[in-house]
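Me: Let's go through this model. I will ask what stands behind each label.

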Amino acid sequence: PETASIGARHHRTDALLARATAALADLPDATPRLEAELLLAEATGWTRTSLLAWPERAPPDEAVATFEALLARRLTGEPIAYIRGRQEFWTLELRVTPDTLIPRPETEQLVELALDRLDAQRPLRIADLGTGSGAIAAALASERPDWSLVATDRSAAALAVARDNFRTLGLERIGCLRMDWLAALASGSLDAILSNPPYVAGQDPHLDRGDPRFEPRSALTPGGDGLDAIRTIAAETGRCLRPGGLLAVEHGFDQGDAVRRIFASAGLHRVETCRDLAG
Ligand code: GLN
């Protein structure tokens with residue numbers, strides 16, 4: 001009803017943004033102004049900068065209609081990353097679909113840790129397990145031309161998205177392997193293993209709020225206490241990682257003790273826990 005009654009002056013960029021920002025304010029976890037700009041940029045093909053530079057400009061009617069449709073989707077809770085089909089990660093823009101987890105800023109700290117700990121000059125062989133959209137592997141490959149990366153996922157649909165991202169980013173050298181965790185990787189072949197595995201407990205109410213409602217369940221939780229994927233990775237690491245290599249996994253804020261115990265009983269040494277920016 002609102003859409004039908006708006007006149008031309010309400011079609012100005014500034015009015016569209018103000019109205020969308022107000023509507024998005026009711027959505028939990030949204031960043032209203034930013035998302036309004038992203039959706040209008042998406043609908044018009046104009047950059048966010050140009051939206052702000054020409055507040056009085058009115059987009060064509062079709063673009064306004066598209067904007068209203070995108071906004072309506074967002075107001076149902078659909079993640080903005082799926083609506084745009086894109087998510088920024090590290091210095092990259094990645095294609096994401098409902099077959100992939102939406103890369104989180106916290107996971108950039110896993111990338112930083114790997115860049116910090118691993119020798120940039122040596123031709124290291126590194127695996128990103130459960131790569132999803134390919135975020136971790138792509139970020140590392142983009143920073144370290146001498147490293148050889150392999151991205152695994154058991155989801156063929158996710159791996160297709162990852163492969164597409166690698167191609168778009170000129171990172172075709174990243175190998176893609178469809179498998180569970182490390183299942184088919186050769187013994188002792190890796191210098192580092194990185195993963196943002198599913199680690200949320202099966203009954204965690206977090207799964208029923210915000211973006212996770214729309215994400216692949218299997219990317220978020222292995223069920224149970226949330227630690228089964230990490231158990232499997234830790235158990236297989238001894239076979240695939242060279243002695244002295246690095247295993248780094250993201251896990252829940254309250255899983256540090258449990259993960260250290262899992263690693264220790266898998267015979268892994270010098271285990272450390274790091275807090276991310278959100279604590
Ligand atoms: N940290 C993610 C979340 O907040 C979960 C990611 C994962 O399970 N790997 O939903």
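Reply: Helices here are DSSP runs of H or I with at least four residues, and strands are runs of E with at least two. The model is predicted. By those criteria, residues 16–85 are 69% helix and 0% strand.

Me: How many helices and strands does the protein have?

Reply: There are 12 helices and seven strands. The C-alpha trace spans about 70 × 40 × 30 Å along its principal axes.

Me: What makes a residue buried, and what percentage of the protein qualifies?

Reply: A buried residue has 20 or more other C-beta atoms within 10 Å of its own. Of the 279 residues, 36% are buried.

Me: Which residues are around the ligand, and what makes one near?

Reply: The C-beta atom must lie within 6 Å of the molecule. Arg104, Asn196, Pro197, Pro198, Tyr199, Val200, Pro212, Leu220 and Glu250 are the residues around the ligand.

Me: Why do six residues of this shell count as nonpolar?

Reply: Pro, Tyr, Val and Leu are in the nonpolar class, so the residues of those types count there. The shell divides into six nonpolar, one polar and two charged residues.

Me: Where do the domains run?

Reply: Domain 1 covers 2–77 and domain 2 covers 100–265. Their C-alpha centres lie 36 Å apart.

Definitions and conventions
Residues numbered from 1 in each chain as written. Predicted model: local features only at pLDDT ≥ 70, side-chain atom pairs only at ≥ 80, totals over all residues. Buried ≥ 20, exposed ≤ 12 C-beta atoms within 10 Å, placed from the backbone. Domains from an automatic or database assignment.
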